[in-house]
Amino acid sequence: MNDYGPAPPVVFYDQSNSNSNSISGSGGAAGNEKFDDMHLPPKPVGFSAYPLADRIMPDSPIDYPTTRPQRIRWRGASEQTVLIALTLIAAFTKLYRIGRCNRVSWDEAHFGKFGAYYLNRTFYMDVHPPLAKMLVGLSELMAGHNGTFTFKGGHTYPDYVNYRFMRIFNALFGIALTPMSFVIFRQLRIPVHFAAMATLFVTFDNAICVMSRFILLDAPLLAFTALSLTMLACFHRQRAYPFSPLWWRYLLLTGVSLGLVLSAKWVGLFAVALVGFYTVVELFEMFCNAHMPVRAYARHWVARIVALIIIPLFIYSLTFKMHFMILNRYHNSANFMPVGFQVRLRGNPLARQPYDIQTGSYVRLQSNDPGAGYLHSHDHKYPTGSQRQQITGYGYADQNNFWSIDRRMAAGTFKTKDEVDTAAEPIAGPIQDGDLVSMRHNSTNTYLYADMAFTAPISGKYAEISAVSANKDEAKSPSALWIVEIVNPEKRMKDGHIHPLGTPIRLRNLVHNCVLMSTGERLDKDWGWGQSEMACDATAKSDNKHLWTIERHVNKNLKATNMGQHMSSSFLRDFAVLNKHMWLTNNALIPDHDKHNVLESDPITWPFMIYPMRMVGWDDKGIKYLEIGNPLLWWGSAIACLLFPLQILYWLVCWQRGCLKHWRAGEFREYLDGAMMLWGGWVLHYLPFFLMGRVTYLHHYLPALFFGILFLVYQVYHASIWYLKDRGVRRVLYTLTTAIALVFWWFSPLTYGWDKPIRELKGMQWASSWPVYEDRFEL
Amino acid sequence: MSVDESVNYDKVGKYSAKSETMRASDTRPTDQAARSSSSSSNSNSNSKRVSSFVQRSSLYAFSLVVLLSFITRYWKIWDPAQVVFDEVHFGKFASYYLRRQYYFDVHPPLAKMLIALGGWLIGYDGHFLFEKIGMEYVSNGVPYIMLRGWVALFGFALPPLAYMIMAESGYSVIASLLVALMVTFDNALVTQGRLILLDNIMIFFMLAAVYSYIKFFKLRYKAFGVQWWTWLLTTGAMLGCVVSCKLVGLFTISLVGFAVLYDLWRIIDIRRGTTMAQFAQHFMARAFALIAVPFALYLTFFYIHFAVLTKTGPGDAYHTSQFQMQLIDNPMTKNSFDVHYGDQIVFRHRDSGVYLDSNTGRYPLHYEDKRVSSRGQQVTGANKLSDNGFWMIKPIRDIPEFETFLTRRVAGEDIPEEEMSKWNVYDTDLVQLEHVVTGTNLRTHDVASPMTPTNMEFTTVALNDTAAFEDTVWQISIDGASKSNSTQLKTSSSFVRLISNKHGVAMWTHKKKLPEWGHGHQEINGNKKPDEKSNLWTITQIRGRKATAADQEAIKKKVVPMSFLSKYAELQGLMIKHNNALTSVHPFQSSPLSWPFLPRGISFWTNNKEHKQIYLLGNPVGWWLSDLALAAYGFLMVAIELCRRRNEQVVSSIVHRHMVRSTGFIALAWFIHYFPFFLMGRSLFLHHYLPASIFAYMMLGACFQVFFVAEYQRFTLRSWEGRARALVPSAASIVVLAAIVALQFVTFVFFSPLAYGTTGLTPEEVNARRWMATYDLHFQK
């Protein structure tokens, strides 16, 4: 037998044959050499400090003690002074000559208009969630606007619109970036002077500056994104003190800020993803900590689900609730919304209709299949089949959509067609579930008729549906009689009668037992004008294609009532419908490659700012604004972000070679956590744009740029303290900040507006693709 | 694959230098047992308990696999005696090698050369061209049985290779046997494995490369020894061969590449004491053997390819004229004459091969879509050359000398060379083209073309119509004229664009046929993007001009020889271009997502009289079982990892390492040979999944070992020849093995009429085999 003993002599490297021979020579099984991996000594501190790469080390910062948390405190008055001074600088750069251009500039035309809708309370549809636009509306309200100005692009602001105030209100969000960057850096344990450098960098970017100076959504979006990062950084500082009051405060505030950014624009989802990744990593590390009791672990999960999922969703839906509450006037852009929502809007033509549908009522039937339109007939024949008059589905309201509905027999008084007296006069009174009715087309005096002998012209699967003239025999036959069946009526309309809007009905033919349906096909353009095909389906299937809603009801003998009181409303349903519609509309914004759009740009061109963008007309007299960033910041941040993966790769190799820099306990985690937060933010706010099919613009890069700038400073700080002495560090700080400020100043004419011919402004063309003097896309 | 690092820390927080020694003495019972038992099975005292049958079980199992593999691949290999599926291509290419005629294909040459090599060895002369599926072999005198038998050698080798890979990777005899038998009884591999097709050959080299790499990796403690070098170089050679069969071989190269990266990551670890110099040696050795050697081999096969194919053949037309002129008897050098003004010439479209033609017919005034035409004389693309295809090329101005020159030529006068050369046509010349039969000039004008409304209509106009003069002026634009200095217009060897001087459109045609009024000719019109390659035409002949021997000698002297590398570069570029262009929809193509579930196969061959068919379809039982195994492995690894993070040891660390490293390699192999197809734009077929399906079977074997083989870790410690492997398998494992193999075998037999095509099936029998409604078999009714 072989005695392996304690600690066998192991082969650590592959070179030597003699070593392995010595083992086999000592009688050990040849298998011994294969165990080498398991006997290697531990790796030096470095990436192994990251519990994800391996098990938790004793000196890991993830130790979860339960001592008192550290309060975040300002380090004396001087730090406050610095912060206030920096904010004042930011305020000056953002507010300087803010009211100079008195025209509706750039996308103010959109967002000013959307803001005005909140004042005149008219419903509108837009692809962005409402919060940021409600804030614009708030600023208009505070500025005293009454909601009548519609912000037509290029128009001069009238006296009663205090556009200056609105712009200042919006610029406040841009100003807020400055103190937030300061707090972020202080929370990442960067000294005051480098935190100040980061804030100055953020302040001195021309693109962020110019986009904060107009009434746009970018400033609020940026501010909320920065707020999320600020709260995450504060929360990160508390991770060693779980469930302490401060920990709770910042966790909940993180959730709140995620809710805000998500409600400003869907781009906020990237911020959610950042916090999500952070949380997943954190929870996984805790999972790996076998010391943590399961109960405590479960509490962590619950806390995060509440704070980071439920709270943001609640805020998101809350903004929609407010949106619905404020916008109470009808506009035809609301037509995609559920009827129950529409009838609540003031001025809706559908809102007031006679309630009970009775013999002699004129009705307009709308298919529940979206896109199929109204039940329609016109004086044209089918070219095939029976060659009778066509029945179609038509998308627009006209006289040919009106049908007169007559009650022929009450429900229960007939069983088969033989019991029906087709010659009898219509019975007066409201039409109920199961009643037998005839449908007379008003303008051509024909009857809705099903014929099993022919198939529908396009689909070919179902029976043909047609209109027969009133003076023909068929019009009196049972094939022209229909049984009304109510399917899933509105809660408040369950009286067995049919009503407009709230009682979807099926029309079942008395003879053929088939159901009137829209097949989803389109008729031929030549004879059917591309209208939808109608048919009669004898199979038992039943879906939206078989259901009809009486959308309009006209009966002069009856009094119109307010339909709103009969319709239930559901916020969740309205919310879901609106969000789905926003999603579809957003995806429909696809670029048109045949048209060279002046303004679109590919994500790949963003980090190096290949194509800045003209925001206004470029005539000699007008005030010209260019959406151009501070080139040093854009290029610097792009380089810093692109080099980071290489740095990590290099470090990994160094670590494997045991020559990674010597880190103090926890220092490596400290650095990498901060770097991943900032760099990860850049990646998550940038890369997803490559996957998007929709049009993309340069300013979509601004949130990523914010992270990029912070990461640049973060890297500069760490590189200089690793490699430089104190004096060198200070020199780097002063040189870089001065350079950035100078470049900002150099480009400031384009940020604050240039009202002379552009030729007189020299030295702006740093890259040949920039449209400062000449625009390659100028049409 | 982070085995090295992870096994160090078994207890969270307990890790310390002390625990290293502690743990070594601290008995992990499983490990300890494994070591003692493995060593004891080696010693003589214990080997008595094992019968000699068990000791030699690996040999018996291997022999069984060889036998069964031979039977399944060679059973009735002579049937059907007709051309099946892609034998159309690969049989034909082999014939071209034997005839030494140049052909073009998107795949690298090795596999096709091997097929041809077999043909050469058996004395086949390449007279048959395999034109259509279903053509008879016997009546055409093709030694197809020998050819198939030769190619089937590669298919026959796959199950034994699968056995060797599994056994070498430390799986037990029965797990290895399971994999080999599953591969043996897979209908798709059998179908592919006995016909004249490429895939078996490619898969053979692929598995050989994987096997060699495993051998190499196991020699890692004897680095730079003879054996180590042998297996490293063999791996490189096999990789070179697989990529020379099909570019899919790049997947195998990247698989080995990932494994090498993992290996290098181990080696560079400072704790092994490797110096950077040693690491550099390791790195260079691998770079040489696994990058330089395969590439050199790849080039070598192309060198042989060009060395064999010296004569002109069907592949000429894909290439540049310079390339074509390298080939013996090529029509370019045969017919490359200078074009002179006054010549009556024929234009042929390079891509579609039609001739520029005009006839007395006119365009109809109204088209079906209610557009109006010019009602001018038709200009069309005709498939056959007739008198209507001759056009006289004229200078645009009336030059008196030209008139006299022309009359002298018409009179048949023999004009000296110097005088003729004054009337040469050059690049960028402005010309008119007169249709000889109808006496009209070619013209384009601002009228929409009959079938392509965005393009301009081509028609002709009377010679004396001065109003239309500008429309009849054409600029000659020779492709590549600026680069090669060959600015002179020549027949055959110049590719030329005809660009309207006024409108800037180029003469263009496409595969669409005109309606009845156009006699089924192709539409010709003016393309508004003149730079496109599809606008290229050649001038195939000059009326009355024939080459004399002296002419040809003179032309031959002018041909600039091409170096091998420039030939190779040109061919490689064309292969990639045409491979990416294989996007046309094929009725039997399928999406990669569906392959593992085997929703449908590919119809290879049918015999309507006897209701026989060959239908490529994997063994559904085997494929579904291996899908399960893949899913189980993924699930298991996640579960084990999560447990490990919570310090719960599910499997011993030796088994775990084997599952990560060896089974992980199989999983990676499956993934790499499967996933990239999702990114490909070209049309894809089920047989692209066959390499991955073999790795999926290996995964089935690996999972079988995890779940059913007792004493897993003892197998991981020995090479497959070793006696330690000779353990009596448990009864349970034998039962499961027998059950799976029996199921596979029964399904194989059940579907074998579709794989071999030897038995006709009644519609009921066909429908019984439609396990999924999407199997589009023939003769269902």
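How many residues does helix 19 of chain A have, and how far does this helix reach from its first C-alpha to its last? Helix 19 (residues 726-752) has 27 residues and reaches 37 Å, close to the 39 Å expected at 1.5 Å a residue. The expected span of a helix is 1.5 Å times one less than its number of residues. Helices here (H or I, at least four residues) and strands (E, at least two) are DSSP runs, numbered from the N terminus. Helix 19 of chain A has a kink of about 45° at W746(A), shortly before the proline P749(A). The bend at a residue is the angle between axes fitted to the seven residues ending there and the seven starting there. After the helix comes G753(A), with a positive phi near 100°.

This is a predicted model, in which local features need pLDDT of at least 70 and side-chain atom pairs count only at pLDDT 80 or more, while totals for chains, interfaces and linings use all residues. Residues are numbered from 1 along each chain as its sequence is written, chains are lettered from A and ligands numbered from 1 in the order in which they are written, and side-chain values use heavy atoms, with hydrogens and water left out.

The model scores ipTM 0.72 and pTM 0.77. For single residues there is pLDDT, the predictor's confidence in each residue, from 0 to 100. Chain B averages a pLDDT of 84, and 90% of its residues score at least 70. A contact means heavy atoms within 4.5 Å. Residues 717-725 of chain B also stay under 50, with 32 contacts beyond four places in sequence.

Chain A contains 19 helices and 16 strands, and chain B contains 28 helices and 14 strands. Of the 779 residues of chain A, 56% count as buried; for the 781 residues of chain B the share is 58%. Buried means under 20% relative accessible area, exposed over 50%, and partly exposed in between (1.4 Å probe, protein chains only). Chain A exposes about 33,700 Å², with 59% supplied by carbon and sulfur atoms, and chain B exposes about 32,400 Å², with 62% from these atoms. Such areas come from the Shrake-Rupley method with a 1.4 Å probe; for residues, only the protein chains shown count as cover. Among contacts in chain A between residues at least 6 apart in sequence, 75% join residues at least 24 apart.

Chain B has a domain assignment with domain 1 (8-23 + 41-302 + 594-768) and domain 2 (344-542). These bounds come from an automatic or database domain assignment. The C-alpha centres of domain 1 and domain 2 of chain B lie 57 Å apart. In helix 23 (residues 620-645) of chain B, the 26 residues should span 38 Å at 1.5 Å a residue, and the end C-alpha atoms are 38 Å apart, which agrees. Helix 23 of chain B is followed by N647(B), whose phi is positive, near 65°.

A few backbone details deserve a look. Most residues other than glycine have a negative phi, and most peptide bonds are trans. The peptide bond from D79(B) to P80(B), however, is cis, with omega near -5°. P80(B) sits in the loop between helix 6 (57-74) and helix 7 (87-99) of chain B. In chain A, W529(A) has a positive phi of about 55° although it is not a glycine. W529(A) belongs to the loop between helix 13 (525-528) and strand 12 (532-537), and counts as partly exposed because its relative accessibility is 47%.

Q387(A) likewise has a positive phi, near 60°, and lies in the loop between strand 3 (374-381) and strand 4 (389-394) of chain A. Among the residues that K381(A) touches, not counting those up to four places away in sequence, are Q387(A) and R388(A). K381(A) itself lies in strand 3 of chain A and, at 48% relative accessibility, counts as partly exposed. K381(A) and A467(A) are 86 residues apart in sequence and 9.2 Å apart in space, C-alpha to C-alpha.
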